[in-house]
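Here are my notebook entries from a walk through this model.

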Amino acid sequence: MANADRSAEQFRKMTETPIPKLILSLAAPTILSMLITSIYNLADTFFVGQISTSASGAVGIVSSLMAILQALGFMLGHGSGSIISRSLGSQNTDAATRFASTSFFTALVFGGIITTAGLLTLPDFMMLLGSTETILPHACAYARYILLAAPIMMSSLVMNNILRYEGKASFAMIGLVTGGLLNIALDPLFIFGLGMGVKGAAIATVCGQCIAGTLAMIFNIKKNPDLHITLRRFRPHGEIIGKILSVGVPSVIMVAIGSVMNYFLNLILYSFSKLAVAVFGAYFKVQSMAFMPVFGLNNGMIPIISYNYGAQKPDRMKRTMKLGVMVGCSIMVFCLAIMQVFPGQILKIFDATDEMLLMGIPAVRIMSTAFIFAGFSVTCSGMFQAVGKGVYSMIVSMARQLFVILPVAYFLSKAMNSVNGVWAAFPIAEVFSVIISTIFLLRVYKKIVKPMESV
């Protein structure tokens, strides 16, 4: 099939395919990718944990380094992806190619800088990330290979996000799943079969990442007739970088906010008991699993809204948003029902003692009531990212996880003299986020969608 025909076919797919079918085709691969990624992250921890406690600690230390690489990769991938999708929707392939090339080569440059700086200061860098003297040799052995692969890992994230934003989530999934499964298969071979220890786990991770990155690049070259990522199209000047960062930076901040919230909530909970910290830790893991399909749904919605924004099709934008809200809220209500009916069974997955169950069952029931509102806020955040209003998404996330929940948790727990005040902060914060999301949604409709309807 000629490039022009494939380009026209992709345009028709994103602007004419029935919305439910299109969302499912884009969301399902993303959810599977997220699940496989979670599994192979656990696999590294499991296999390395068989070596020694210090080796297991090294994985935790280096995970902070990988989080930095992922954050920068997502920043460039999300930032450029939204713009690329809108550009393709308006059939401005030249702009799409410029942004794709700029984000890809910027990722390589950033990755190279991190590689050089990290290797030159490796022991000090690991200590800065929280290593102890006992863990340090293992952490350095693991991190050395991760640092060498930093440019590939970051550019791979960019390529995968571009595929998703173009409506080719299945190809992004193939790369990530192949890389993840390879990592899981190579871990025991390199760690135990070849006796490489921690170094073997790092090499397995790098091999998986390289395969994922290579496949993402091949798919971008072979399956994207509208994009031609070349050094000649690399335009790292202020306007292009600024547009990428305007969407990408809020995305990174939204990811980081969760860690900040956990840190300060644990401080509040620790003032009551270590048991309260354990209950929250168990709940947070379950909550992350509950939110996974909603985040996958968002990743299916965003390219559809972005593409049709560029194509000036407001009706499809609105239908996608309405369906996304309905499905997102339905998923969260289903998860709420499970949390309300089976809180004890859920906590027993984490080897909960009778004492933990006594505190944890009411805690899970109180905190999970936030799910009623969370589906709407999370879905709205996807809409804001799709139309280039990443700052709106960031503000909603900061309200949900920082500016409302932390002060409410602190003051309620003191006023009630009970840890239940912390649990109650979750639904209260979600109510505020719904209000803020609604205000921003109305603004987006007034400023962006409504003018298109009148054309």
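I am working from a predicted model, where local features need pLDDT of at least 70, side-chain atom pairs count only at pLDDT 80 or more, and totals for chains, interfaces and linings use all residues. Residues are numbered from 1 along each chain as its sequence is written, and side-chain values use heavy atoms, with hydrogens and water left out.

**Entry: cysteines**

I searched the whole structure for disulfides, meaning pairs of cysteine sulfur atoms within 2.5 Å, and the search gave zero. Cys210 is in no disulfide, and its nearest cysteine sulfur, on Cys207, is 6.7 Å away. Cys210 counts as partly exposed because its relative accessibility is 23%. Cys335 is in no disulfide either, with the nearest cysteine sulfur, that of Cys329, 12 Å away. At 13% relative accessibility, Cys335 is buried.

**Entry: second largest pocket**

Next I looked up open spaces. On a 1 Å grid over the protein atoms alone, a pocket is an open set of points with protein on both sides within 12 Å along at least five of seven lines, while a cavity is a set where a 1.4 Å probe fits but cannot get out; lining residues have an atom within 4 Å of a point. Points are joined across faces, edges and corners, and volume is the space filled by probe spheres set on them.

The second largest pocket holds about 240 Å³. Cys335 turns up again in its lining, along with others including Lys285, Met289, Phe334 and Phe350. Helix 11 and helix 12 (314–341) each give two or more residues to this lining; helices here are DSSP runs of H or I, at least four residues, numbered from the N terminus. Helix 11 has the largest share, five residues. I sorted the lining by class (Ala, Val, Leu, Ile, Met, Phe, Trp, Tyr, Cys and Pro nonpolar; Asp, Glu, Lys and Arg charged; the others, Gly among them, polar). That gave eleven nonpolar, no polar and one charged.

**Entry: cavities**

How many cavities of 30 Å³ or more are there? I noted two.

**Entry: aromatic rings**

I counted 13 aromatic pairs, taking rings of Phe, Tyr and Trp (its six-membered ring) with centres within 6.5 Å; planes under 30 degrees apart are stacked, over 60 edge-to-face, and the rest tilted. Phe11 and Tyr307 make a tilted pair, 6.1 Å centre to centre with 55 degrees between the planes. This pair joins distant parts of the chain, 296 residues apart: Phe11 sits in helix 1 (residues 3–16) and Tyr307 in helix 11. Phe11 is buried at 19% relative accessibility, and Tyr307 is buried at 1%. Ring pairs also join Phe280, Tyr283, Phe284 and Phe426 into a cluster.

**Entry: helix 16**

My last stop was helix 16 (residues 390–403), which bends by about 25 degrees at Ser397; the bend is the angle between axes fitted to the seven residues ending there and the seven starting there. Eleven of its 14 residues are buried, so helix 16 is largely enclosed by the rest of the structure. Ser397 is among the buried ones, as are Tyr392 and Arg400.

Definitions and conventions: Buried < 20%, exposed > 50% of the residue type's maximum accessible area, 1.4 Å probe, protein only.
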